[in-house]
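Reader: I would like to go through this model term by term. For each label, please give the value and the rule behind it.

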Amino acid sequence: MDVVIDKNTYERRKEMISIPIKLKLDEKGYLDRECPNEQCLYKFKINMEDWENNVSDKEVHCPMCGHIDTSDKWWTQEQLEEMRNIAQNYAMSYLDKELNKSFKKLEKCSNKFIKIKYNPGKKITFINNPIGQSKEWNLDIKCKECGTRYSVIGSAYFCPCCGYNSAEDVFEESLDTIEKMLDSTLEMKKMFSESYGDDKAETMVRSMIEGTLGDVVSAYQKFAEMKYRSLSENEVRVNDFQIVEKGSELFKKITSYGYDKWLNDSELKKMNLYFQRRHVIEHNNGIVDQKYIDKSEDSSYSIGQRIIVKIDDAYDLLRIIKKLANGLNEV
Ligand SMILES: [Zn+2]
Ligand SMILES: [Zn+2]
């Protein structure tokens, strides 16, 4: 509490109330955090020691979207709600005390004409419950750069402390997710059938499988771009790796190995075929055109037909990409 003496003769008291709030950690000693970016609001946990000792007040990185903000912005909605409750309780008990005091003063002013009697109501006392954390999560991550320990549900891309992003980890995680999605196709189809009927379920599953081609290709492109940048200063764009031959040439120039070092002829042809199919699915609604036939050398379709992606094709592409990436990782 501080007292401010005004220039005039009377005293004005300006009171600063600070409310002690205790944060209770989960069993692993982690603190809940939430990204302040309205588009994201991603929740994660961070080891309390690391939060206090490693993380700078000026910069905290969201593990999901990479948003950077000062350290005071990362309260979760639940924490803010609990703090509001604590502040409210505190204010109530504070006002209650002050009211009691002033009414007691008034009582003393009573005279034979006026009687003032103040009966205080139920006393409100202030209880400061430590703010609890949500249950521990499974995926614990330790940053390879700064050692900060944090925990997420699903996957994360950036270290909350230093913003480090491991392209290899992200790539592996993406492929793993795609594989699990493919593995659960039958289950999903059953679930969709129950909710939307057989016809809709069939279409939904087909579009999901088609989508995985795109997912694998874009995960690979990003991986290849990062890999290339780690080996060379040459200018390169992520789209350069959308074309199998071009990507292979780029790596050959800097490492003397093209994709054919790790993939045999048939795998290379398949990779090109799937990449071209994915291009038609994404840019031409899956309808075969002359350009596709020229580039893919696919004789199983005529112009105007629609590309069909079978689940085995998706698995096949996944296998080829894993093989290629393992090879590139050894360079
Ligand atoms: Zn975020
Ligand atoms: Zn880090």
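Author: Rings of Phe, Tyr and Trp (its six-membered ring) pair if their centres lie within 6.5 Å; planes under 30 degrees apart count as stacked, over 60 as edge-to-face and the rest as tilted. In this predicted model, eleven aromatic pairs are found. One aromatic cluster is formed by Phe 171, Tyr 220, Phe 223, Tyr 228, Phe 241, Phe 251, Tyr 259 and Phe 275.

Reader: What are the conventions for numbering and for counting?

Author: Residues are numbered from 1 along each chain as its sequence is written, while chains are lettered from A and ligands numbered from 1 in the order in which they are written. As the model is predicted, local features need pLDDT of at least 70 and side-chain atom pairs count only at pLDDT 80 or more, whereas totals for chains, interfaces and linings use all residues; side-chain values use heavy atoms, with hydrogens and water left out.

Reader: Why is the pair of Phe 192 and Tyr 196 called tilted?

Author: The planes of Phe 192 and Tyr 196 stand at 50°, with the ring centres 6.5 Å apart, so the pair is tilted. The two residues are four apart in helix α4 (residues 185–196), which separates them by about one helical turn. Phe 192, at 16% relative accessibility, counts as buried, whereas Tyr 196 is exposed because its relative accessible area is 51%.

Reader: How do you know which residues hold the zinc ion (ligand 1)?

Author: Donors are N, O and S atoms within 2.8 Å of the metal (3.2 Å for Na, K and Ca); water is not among the atoms, so sites may look incomplete. The SG atoms of Cys 35, Cys 40, Cys 62 and Cys 65 lie 2.3 to 2.4 Å from the zinc ion (ligand 1), so they qualify as donors. Along the chain, the donors of this ion follow the spacing C-x4-C-x21-C-x2-C. Cys 35 sits in the loop between β3 and β4, and Cys 65 in the loop between β5 (60–61) and β6 (68–69), 30 residues apart, and this pair links distant parts of the chain.

Reader: What makes the arrangement around the zinc ion (ligand 1) tetrahedral?

Author: Four donors count as tetrahedral if all angles lie between 85 and 135 degrees; four count as square planar and six as octahedral if opposite donors are over 155 degrees apart and all others between 65 and 115; anything else is irregular. The angles at the zinc ion (ligand 1) run from 104 to 113°, so the site is tetrahedral.

Reader: What makes the zinc ion (ligand 2) tetrahedral in its arrangement?

Author: Its four donor atoms subtend angles of 105 to 114°, so the arrangement is tetrahedral. The coordinating atoms are the SG atoms of Cys 143, Cys 146, Cys 159 and Cys 162, at 2.3 Å, and the spacing in sequence is C-x2-C-x12-C-x2-C. Cys 143 in the loop between β7 (139–142) and β8 (149–152) and Cys 159 in the loop between β8 and α3 (167–183) are 16 residues apart, a pair linking distant parts of the chain. Both Cys 143 and Cys 159 are buried, whereas Cys 146 counts as partly exposed because its relative accessibility is 31%.

Reader: Why does Pro 160 count as buried?

Author: Its relative accessible area is 0%, so Pro 160 is buried. It is found in the loop between β8 and α3. Not counting residues up to four places away in sequence, Pro 160 touches residues including Phe 44, Tyr 150 and His 61, where contact means heavy atoms within 4.5 Å.

Reader: What links the side chains of His 61 and Glu 59?

Author: A polar contact, at 3.4 Å, joins the two side chains. The term stands for a pair of N or O atoms within 3.5 Å; within protein, one must be able to donate a hydrogen and the other to accept it, and residues adjacent in sequence count only if both atoms are side-chain atoms. His 61 is placed in strand β5 and is buried, since its relative accessible area is 8%.

Methods: Buried < 20%, exposed > 50% of the residue type's maximum accessible area, 1.4 Å probe, protein only.
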